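This report describes the sheet, the packing and the nonpolar cores of one model. The sequence and structure are shown below.

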Amino acid sequence: MKDCIFCKIVKGDVAAYKLYEDDDIISFLDIFPIHPGHALVVPKKHSVDIFDTDEETMGKMMKVAKKLSPSVMKGTKANGINIGMNNRAAAGQEVLHAHVHIIPRYDDDGLKAWSKNLFKDDKHKKELYEAIKKEL
Ligand code: 5GP
Ligand code: ZN
């Protein structure tokens, strides 16, 4: 996809610190890391987000995230790892080429992934439960 920064990295037109590469997936260090060592797992074939990425490719991305996590953990001397994927602008997605984040975390690093919320009431909980199940 023209003008897609991750497609340019896949093609080798833009440099990146590559950690892993196979026929379908590439992984490299994030240029603006949440903590240094923050890595991205990216499908070589352009897709925008989880909705647009086929199940097999999502599986391959998670497989690579699983493979790389211990190395990121040890290499950065992290105490934990967040695996995450932002989908759509409302969820914080900035690069519109699907990717999974591997984020090293440290005890008391002060970062909060997200705050917790409550359902308005039991009726609300049941309504949302039914609405999601209907879409399955
Ligand atoms: P998003 O917010 O879309 O989930 O995350 C996109 C990530 O891509 C960000 O963490 C950002 O720092 C990273 N990023 C954006 N442009 C580049 C780039 O040119 N090279 C690399 N290595 N990472 C990038
Ligand atoms: Zn792309």
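The model is predicted: local features need pLDDT of at least 70 and side-chain atom pairs pLDDT 80 or more, while totals for chains, interfaces and linings use all residues. Side-chain values rest on heavy atoms, without hydrogens and water.

An open sheet is formed by 5 strands in the order E1-E2-E3-E5-E4, with antiparallel pairing. Strands pair if DSSP finds at least two bridges between them; strands (E, at least two residues) and helices (H or I, at least four) are DSSP runs numbered from the N terminus. E1 and E4 are the edge strands, each pairing on one side only. From one strand to the next the twist averages 15°, with axes fitted to C-alpha atoms and angles from 0 to 180 degrees between N-to-C directions. E1 and E2 pair over 3 bridges, and Lys18 stands opposite Phe28 in E2.

Helix H2 (residues 55-76) packs on the sheet, touching E1, E2, E3, E4 and E5, and its direction makes about 20° with that of E5. Contact means heavy atoms within 4.5 Å. Thr57 lies in H2 and counts as buried because its relative accessibility is 17%, the limit being under 20% with a 1.4 Å probe, protein chains only.

Nonpolar cores join buried Ala, Val, Leu, Ile, Met, Phe, Trp, Tyr and Cys residues through side-chain atoms within 4.5 Å.

| Core | Size | Residues, among them |
|---|---|---|
| Largest | 14 residues | Ile25, Val41, Met61 |
| Second, separate | 9 residues | Cys4, Cys7, Ile9, Leu40 |

Key. Residues numbered from 1 in each chain as written. Chains lettered and ligands numbered in written order. Buried < 20%, exposed > 50% of the residue type's maximum accessible area, 1.4 Å probe, protein only.
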